[in-house]
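Please look at the structure first, and then read the points below it.

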Amino acid sequence: MEKLVVHGGNPLNGTIEVSGAKNAAVAIIPAAIMASSGVSNIDNIPDIEDVRCLERILESLGCKIKRCNNSAVIDSTCMTSVDACTDDVRKMRASYYLIGAMLGRFKEAKVELPGGCSIGVRPIDQHIKGFEALGAEVKIEHGAVCVKAEKLVGANIFFDVVSVGATINVMLAAALAEGTTILENVAREPHVVDVANFLNTMGANIKGAGTDVIRITGVKELHGCDYSVIPDQIEAGTFMIAAAACGGRVKIDNIIPKHLESITAKLIEMGAEVIEDEDSITVVSKGRLKAVNVKTLPYPGFPTDVQQPMSALLCIAEGRSIINESIWECRYKHVDELKKMGADIKVEGRSAIIDGVSKLTGAVVKATDLRAGAAMVIAGLIAEGVSEIHNLDHIDRGYPKIEEKFRVLGAHIDRVEE
Ligand code: EPU
């Protein structure tokens, strides 16, 4: 078991490169199995455990994968199975994209129900509603989702909630359905657009991704292609917040500034300087920042995945901040850990009331989930003294080499064996 040891209290200075987007990559890799000819050469894949887990799952289905640095060549022409029921499938959330991908290509799939961060109830009723509307029969048996269709036929589907997962999953299946599918009330996250662009490069006909209506004209088959995953909006946001929290001047490079507008706006409201360039953002922070209120919302609102890192910054802001978490019902498990470091936070239902303190102090804490882990790293970097962060498997699922990237910025952070 490993832990991070952080000596806090130093400003951050320098430039970091953001990796490819986790939540795009974990959908694009399953989508690659929809190619019935050719291979897919996917670049800018983040080096994280969720990606390694998916690659193992694809191999267990008969795909061939060659990995080289940030690229992967995926050959799915030799797939031998549509039965994805392994420990790896249960471990992660995005394994549910195998349902839409295999249903599209093979018209059947058996996929164990997904795991992922424990941040509240995570139903998949909207995914199922979409698959059924396309003509599939869906059963949950022995903890697995079993889907089968004679054929898939395009349909008009209005989602009851805005769901990233359901939008992408149903889009995958509909790409190979007969006729036209119209998806309404869809998620507009950058990774939804990225998956649509990937599918279009494979030969699909998808229009409207990034708006709240997606129109998909089904095609007969998809082929392999070359593609590069977009930069990670959430990793970028995490580093922006860390820079604002620790003080200093940090350039966050290889990003799409438009994807970060809600975070940029909050940091400016708090008193930080944020300089946007074509593919970078520089955050300059001097002195104590002001408290702000934050409500998480689907894109382009403030991302729920940045709420926990943001809460670490708000712990030392001047005044009272109120966070309202509108996406997940249980995304405050990190609060007890922040309190060990001297934070003053009360959680009431979906809200967290944070009274800023002048300093945090180092403590032994744990990552309770992925973004909670990032929050603890930021808290450790702010805090006076030494912090130890345990349960790194959560952080490693979604942040590539987090300690190395922070060290480039002058942070004193090491990964050591417990
Ligand atoms: N929901 C339903 N029914 C469904 C699907 C979702 O009621 O069938 C509800 C959920 O309970 C939630 C809301 O809709 O309240 C939004 O859920 P969504 O489906 O958008 O979440 P997801 O697809 O399971 C993805 C990311 C999450 C991120 C959310 C919201 C992946 C693999 N995961 O989850 O990322 O928080 O979208 O943006 O893309 C993370 O990266 O740390 C993470 C948790």
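Which of the 24 residues around the ligand come nearest? They are Gln126, Ser163, Val164, Asp305 and Ile327, where a residue is near a molecule if one of its heavy atoms lies within 4 Å of it. The model is predicted, so that local features need pLDDT of at least 70 and side-chain atom pairs count only at pLDDT 80 or more, while totals for chains, interfaces and linings use all residues. Residues are numbered from 1 along each chain as its sequence is written, and side-chain values use heavy atoms, with hydrogens and water left out.

**Polar contacts** (pairs of N or O atoms within 3.5 Å)
- An N or O atom in the side chain of Lys22 is 3.0 Å from an oxygen atom of the ligand, and for the side chain of Arg331 the corresponding distance to a ligand oxygen is 3.1 Å.
- A polar backbone atom of Ile327 is 2.7 Å from an oxygen atom of the ligand.
- On its own the ligand has 830 Å² of accessible area, of which the protein covers 90% (Shrake-Rupley method, 1.4 Å probe).

**Make-up of the shell**
- By class, the shell around the ligand holds 11 nonpolar, six polar and seven charged residues, with Asp, Glu, Lys and Arg counted as charged, Ala, Val, Leu, Ile, Met, Phe, Trp, Tyr, Cys and Pro as nonpolar, and the others, Gly among them, as polar.
- Domain 1 (2-19 + 231-417) and domain 2 (22-228) each provide at least three residues of this shell, the bounds coming from an automatic or database domain assignment.

How values were computed. Polar contact = N/O pair within 3.5 Å; in protein donor to acceptor, adjacent residues only side chain to side chain.
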